[in-house]
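Please open the structure in your viewer and keep the selection panel at hand. The tour goes from stop to stop and says what to select at each.

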Amino acid sequence: EGKVDLSVRRADFPILATEANGHPLAYLDNAATSQKPQYVLDVLDKYWTGENANVHRGVHYLSQRATRHFDDSREKVRVLLNAASTKEVILTKGCTEGINLVATCLTGPSPYRLREGDEILVSTMEHHSNIVPWQLAAERVGASVNPIPITDAGEIDLDAYAHMLASGRVKVVGVVHISNSLGTINPVKEIARMAHEAGALVLVDGAQAGPHSLIDVLDLDADFYTLSCHKIYAPTGVGVLYGKQHLMEALPPYHGGGDMIRTVAFEGTTYADLPAKYEAGTPNVAGVIGLGAAIDYIASVGREAQGAEGGLRSNLAAAFGAIHEQEIGLARYATERLLEIPGLRITGTATEKAGIVSFVLARAHPHDIGTILDQEGIAIRAGHHCCMPLMKRLGVPATARASFAFYNTYEEADRLVEAVGKVHAMFE
Ligand code: PMP
């Protein structure tokens, strides 16, 4: 009933028709990075061959054209996040840079400056990029970084969180929207509400949510929200930091240099308005234009799903609705079949889960699983997934992880299960 068949979209991604180790490539490492559709590759090619110029500086034709496309991308990101203004859309290198920016700027002069004795809470399932920048900031000012416990199913323990907020010393809460390791979809709106009630700011790491769900920063009421756009069908080296306007105006700049200033003098320098204040130096022009193309591409998927034109936001909503359905369908199917393998344990059994399936076998090490699957052309990830504290909590050194995108097929899920079955048989 009106359900769209996203598998036809597979043909949009040329790399998916290639081979690995003599087998058709089954790319199940989408949480690490997504593949790029031909549409994005064409826009990049057109940029490099006919439009390359620096932005925001030139009076000439090419520079003005590049600037227009660059600024168009920022507006598309604003719609993608449902931010109130493009002033709140800071373009970065990725999630890592966005989080470092916020953590560093919170140690500089502003009414929000972190001080000795302050507490920063991050969940036990955070990626290292939402732990280490906070540790560096805490070290600088004498604050502490405290882990919010998680349950055995891999969900944030909200009672423990409430208890930690009650100390009255919590100034910042950092939490991942969708865990790259477990697939858990965290109740970030509720987490933000609780933090605000306790007077703390909230940063949401949206690295894994951006590619798979419709984000609404206004509804979540996140103070800061970060994206890594190479996971959203765009090139590497581009990310987004959303920050509420009044906060980004109050915080000090991060990097100094060209473009982030209003006037420079040895007697004193004044800074540019948002978002330029946080974008020193020549940006990744091609990457940002590629990001705009990736957002248009997702919207085209949504147009098809809706069977109607609609605005950008409604097309994106339709796209992410269909994308999410397809991905969790694949992940549930793979999970059910994997569980038939004796000794296989799924790590991460939250009620709300995205298309990520992490698992361990009783005898084979995850690296052995990854290596043997690679021989069959199946790309998964094996390791700690940049979540060493989470691995410690789970009591495993590493996991094997299959992460699905909407362009994956049930046949690929079958190949995964059969290959893991072979690994099990080899290690029995
Ligand atoms: N957070 C999460 C949850 C992630 O999955 C990743 C990427 N693996 C990051 C942060 C860091 O992203 P990047 O390396 O692109 O900055």
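Predicted model: local features only at pLDDT ≥ 70, side-chain atom pairs only at ≥ 80, totals over all residues.

**Stop 1: the ligand**

Select the ligand and the residues around it. The shell holds 13 residues, and the closest are Thr96, Asp205, Gln208, Ser228 and Lys231. Sorted by class, the shell has three nonpolar, eight polar and two charged residues.

Glutamine 208 places a polar side-chain atom 2.8 Å from an oxygen atom of the ligand. A backbone N or O atom of cysteine 95 is 3.4 Å from an oxygen atom of the ligand. At lysine 231, a polar side-chain atom lies 2.9 Å from a nitrogen atom of the ligand. How much of the ligand does the protein bury? Taken alone, the ligand exposes 390 Å², and the protein buries 84% of that.

**Stop 2: the seven-strand sheet**

Select strands S4 to S10 in sheet order: S4-S10-S9-S8-S7-S5-S6. These seven strands form an open sheet with mixed pairing. Strand S4 (89-92) and strand S6 (144-148) stand at the edges; each has a single partner strand, so one side of each is left without a neighbour in the sheet. From one strand to the next, the twist averages 20°.

Strand S5 (residues 119-123) and S6 run parallel and are joined by five bridges. Isoleucine 120 stands opposite valine 145 in S6.

Helix H2 lies across S4, S9 and S10, and runs at about 115° to S4.

**Stop 3: tyrosine 233**

Select tyrosine 233, in the loop between strand S9 (224-228) and strand S10 (239-243). Tyrosine 233 is not a glycine, yet its phi is positive, at about 65°.

**Stop 4: proline 275**

Move to the loop between strand S12 (270-271) and helix H9 (285-306), where proline 275 is found. The peptide bond from leucine 274 to proline 275 is cis, with omega near -5°.

**Stop 5: the four-strand sheet**

Select the strands in the order S13-S14-S17-S16, an open sheet with antiparallel pairing. Which strands stand at its edges? They are strand S13 (345-346) and strand S16 (381-383), each with a single partner strand, so one side of each lacks a neighbour in the sheet.

S16 and strand S17 (residues 399-403) run antiparallel, joined by three bridges. Glycine 383 has threonine 399 in S17 as its bridge partner.

Finish with helix H10 (residues 312-338), which lies across S13 and strand S14 (356-360) and runs at about 15° to S14.

Note on methods. Residues numbered from 1 in each chain as written. Heavy atoms only, no water. Near = heavy atom within 4 Å. Polar contact = N/O pair within 3.5 Å; in protein donor to acceptor, adjacent residues only side chain to side chain. Areas by Shrake-Rupley, 256 points an atom, 1.4 Å probe, with all protein chains shown as cover. Nonpolar A, V, L, I, M, F, W, Y, C, P; charged D, E, K, R; others polar. Pairing = 2+ DSSP bridges. Helix = DSSP H or I, 4+ residues; strand = E, 2+ residues; numbered from the N terminus. Contact = heavy atoms within 4.5 Å. Axes fitted to C-alpha atoms, helices over the stretch in contact; angles between N-to-C directions.
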